[in-house]
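The paragraphs below move from the overall outline to the residues packed inside.

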Amino acid sequence: MSGIVFMKTKDLEKISTFYQDKIGMELWQDQEQCKIFEKGNLQLGFCQSNKIENDGIITYYFKDKKAVDKFYEKISVDLEITKEPQVNNDFNIYQFFAKDPEDRTLEFQAFLHKLNPHLTGKELLLNRRSYRKFKDEEIPENILNKVIDLSRFAPTSMNSQSYYFKFITDEELICDLASIRKTASEPIKKAPMAVAICSDNEQSNRYKQDADIAAYHFMLAARLYNLGTCWIADMDRESIKSKLNIPMEHYIATITPLGFIDNEIEAPERKPKENYIK
Ligand SMILES: Cc1cc2nc3c(=O)[nH]c(=O)nc-3n(C[C@H](O)[C@H](O)[C@H](O)COP(=O)(O)O)c2cc1C
């Protein structure tokens with residue numbers, strides 16, 4: 001289930017322009033007398049009426065204080081600011097307030113305390129990174145179970161579901177695996193856990209593709225819970241299989257470190273989209 005908050009406006013045109021041009025929301029559905037906008041997980045609808053509904057607060061939140069300041073710099077020139085950016089100790093948040101053209105209160109904030117993760121599909125695809133540093137924090141079993149549960153929905157050849165995971169927590173084994181490809185495999189020892197994503201050659205004719213895709217599916221699922229991963233290549237080796245009790249005929253797509261994300265990292269630069277079409 002998803003949700004939308006609807007409000008009445010006397011000037012749908014003006015409000016549409018404001019939320020798109022000033023706030024950066026995107027038009028999701030145009031029902032003519034009502035328009036629905038979205039930004040991140042927020043869906044907001046405005047309907048043409050002879051009255052204005054402007055109670056409550058519309059709150060937008062950013063990943064950190066720096067992002068709030070950056071947005072403030074951008075919009076404070078042509079928005080009515082009612083409270084400058086500052087820490088609100090009651091809620092441990094950093095916030096500023098503004099008004100929309102019909103006097104609705106807009107709040108822009110960052111939570112300064114730990115948050116339960118919440119990512120839209122678009123944010124997930126944009127924010128998955130290769131993490132090489134992690135928090136020194138155990139991964140609760142219930143979170144790990146949620147990630148595995150989602151990982152069951154990876155596509156496989158003829159729905160063979162030939163892939164499986166091996167969770168490695170033994171410190172000595174982790175250090176050993178981390179040393180196999182020198183700096184390339186080093187991220188493995190920075191996390192409390194390593195995960196080998198493997199597949200069984202007897203269960204699928206395309207067992208290598210099954211495991212490769214499942215590994216990426218696992219990485220996306222993990223990111224939903226603030227767990228970082230990093231694809232470590234070239235781990236399909238006999239020496240590793242014997243250490244992990246994996247049959248020699250099976251395939252190891254990757255062994256990824258798995259741990260809570262320490263710091264958000266910028267995406268390494270991508271080529272413009274024209275480069276991807278040949
Ligand atoms: C097939 C493949 C092999 C990779 N091998 C390694 C590796 O051995 N060690 C490592 O630290 N990162 C490895 N990476 C991660 C890439 O360096 C990373 O995906 C790339 O720099 C883009 O950054 P991003 O994943 O944060 O967007 C690999 C990624 C892929 C897809």
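This is a predicted model: local features need pLDDT of at least 70, side-chain atom pairs count only at pLDDT 80 or more; totals for chains, interfaces and linings use all residues.

How does the radius of gyration of the chain stand against that of a compact globule of 278 residues? Such a globule would have a value near 19 Å, whereas the chain has 24 Å. Along the principal axes, the C-alpha atoms fill a box of roughly 70 × 45 × 40 Å.

We can now turn to the interior. In soluble globular proteins, nonpolar side chains tend to be buried together. In this model the largest nonpolar core has 36 residues, and the members that touch the most others are Ala-194, Ile-197, Cys-198, Ala-211, Phe-218 and Ile-255. At least two residues of this core come from each of the strands β9 (163-168), β10 (193-199) and β12 (251-260), and likewise from each of the helices α5 (171-178) and α6 (207-224). Which of these elements gives the most to the core? It is α6, with eight residues.

Leaving aside residues up to four places away in sequence, Ile-255 touches Leu-177, Ile-188, Ala-194, Val-195, Ala-196, Ile-232 and Met-235. Elsewhere in the chain there is a second, separate core of seven residues, and among them are Val-68, Phe-96, Ala-98 and Phe-108.

How values were computed: Residues are numbered from 1 along each chain as its sequence is written. The radius of gyration is taken over C-alpha atoms; the globule rule is 2.2 Å times the number of residues to the power 0.38. A nonpolar core is a set of buried Ala, Val, Leu, Ile, Met, Phe, Trp, Tyr and Cys residues joined through C-beta atoms within 7 Å. A residue is buried if 20 or more other C-beta atoms lie within 10 Å of its own, exposed if 12 or fewer, and partly exposed in between; C-beta atoms are placed from the backbone. Helices (H or I, at least four residues) and strands (E, at least two) are DSSP runs, numbered from the N terminus. Two residues are in contact if their C-beta atoms, placed from the backbone, lie within 7 Å.
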